[in-house]
Amino acid sequence: MGDSAQSFDNLLIGTTIGDVDAINPTPTAGTWTNTAGGEWGTASQWSGSTVATGSGTFSGTVSGGISLTKTGSGIQTLSGTNSYTGDTMVDGGILSLSGANLADSSEVSVASGAVLNLTHGTTDIVNTLVLDGTIYTSGVFNAANSGGRITGSGSIFVGTPPADPFASWMSTNYPAIVSPNNQPGADPDNDGIPNLVEYLLQGGNPSASSTGSLPTVNASGANFIFSYFRRAAATGTTQTFQYGSNLSGWTDVAVPGGSGVTVTAPEIGIEKVEIIIAKGANTRLFGRLQVTQP
Ligand SMILES: [Ca+2]
Ligand SMILES: [Ca+2]
């Protein structure tokens, strides 16, 4: 094990049983390569990982045409931008993913007692989700509706999203709004909220005033705390929160990932975004949400 010539088709983390499939023991030298030519990283990237319990942090990239199975009672964090195209099985302990990189065509299963912890604060698309043995082929799942199998700030979208999820949402829910009023930047209800923002925000409706869904600010403490609720199913957007002490200069904060940004999953299919900005010398601050399509 652990030599650079070894080939694999399934990465097993946290097992003491495995043969050619297992990180058993933790690689000590060279680069581990899977059968698809992708890499599992180097010994240093698995540093701190413990085989028997499947715990530690892997900072490299798991790639190639392989599946990944997490066993053992520990917490295994994968902090890199993984690109493996196979399935993901969490059979024991906690598998914590820092990025939304599960393959769209893959199956993800989380066994009874095991946990998939998503810390990326966004929505990851997969083909099939199995929780406690129950198979789901559609829906959005997060900490609020997974019976404890999913924790953290991220969500899983199960199924095949349309090529343009915004356009599909518009045409399905608001067929009476036609071009050019159905475009992302249009505002047919004149509530000051472009359609693409209406699509993202929980409660957004491009045919009726939706100002109650806009970000709010709490300035009662030492910080300005901006918050808004968004639909986890509203995939395919890039969000930037902008703030400034006047209406001419703006500081950009990426959502998720930016400084002071937290995302939680308080309700089924809904994510709460908070942006915390220290008051400093400011007695007031303007904030606005920018939403674009990548
Ligand atoms: Ca509008
Ligand atoms: Ca509206």
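**Helix packing, sheets and cores in a predicted model**

The elements that cover the buried residues of helix α1 include α2 (195-200). Here, a contact is a pair of residues whose C-beta atoms, placed from the backbone, lie within 7 Å. Helices (H or I, at least four residues) and strands (E, at least two) are DSSP runs, numbered from the N terminus. The model is a predicted one, in which local features need pLDDT of at least 70 and side-chain atom pairs count only at pLDDT 80 or more, whereas totals for chains, interfaces and linings use all residues. Residues are numbered from 1 along each chain as its sequence is written, and chains are lettered from A and ligands numbered from 1 in the order in which they are written.

Helix α1 spans residues 165-173, and F166, W169 and M170 are buried in it. A residue is termed buried if 20 or more other C-beta atoms lie within 10 Å of its own, exposed if 12 or fewer, and partly exposed in between, with C-beta atoms placed from the backbone. Viewed down the axis of α1, the buried residues fall within an arc of 95°, so they line one face of the helix; the arc is that of the directions from the helix axis to the C-beta atoms.

The predictor's confidence in each residue is expressed as pLDDT, from 0 to 100. The protein averages 87, and 89% of the residues score at least 70. Over residues 1-8 the pLDDT stays under 50, and the model has 21 contacts for them beyond four places in sequence. The pLDDT is also below 50 over residues 17-22, a stretch with nine contacts in the model beyond near neighbours in sequence.

An open sheet is formed by five strands with parallel pairing, in the order β4-β6-β8-β10-β15. Two strands are taken to pair if DSSP finds at least two bridges between them. At the edges stand β4 (56-58) and β15 (150-152), each with a single partner strand, so one side of each is left without a neighbour in the sheet. On average, neighbouring strands of this sheet are turned by 20° against each other, direction ignored. Strand β10 (residues 115-118) is joined to β15 by three bridges, and L118 has G152 of β15 as its bridge partner.

Further strand pairs were examined. Strand β11 (residues 123-126) directs T123 and I125 one way and D124 and V126 the other way, all of them buried. Four bridges link β11 in parallel to β16 (residues 155-158), where V158 stands opposite V126. Strands β19 (residues 238-244) and β23 run antiparallel and are joined by seven bridges; Y243 has G287 in β23 as its bridge partner.

A nonpolar core is defined as a set of buried Ala, Val, Leu, Ile, Met, Phe, Trp, Tyr and Cys residues joined through C-beta atoms within 7 Å. The largest comprises 38 residues, of which L11, V90, L116, V126, L129 and I156 touch the most other members. Apart from it lies another core, of 23 residues, including V255, V263, I275 and L289.

Residue A103 lies in the loop between β8 (94-97) and β9 (107-110). With 20 C-beta neighbours inside 10 Å, A103 counts as buried. Neighbours within four places in sequence aside, A103 is in contact with Y84, T85 and G86. The C-alpha atoms of A103 and T85 are separated by 5.2 Å, although these residues are 18 apart along the chain.

Technical notes: Contact = placed C-beta atoms within 7 Å. Axes fitted to C-alpha atoms, helices over the stretch in contact; angles between N-to-C directions.
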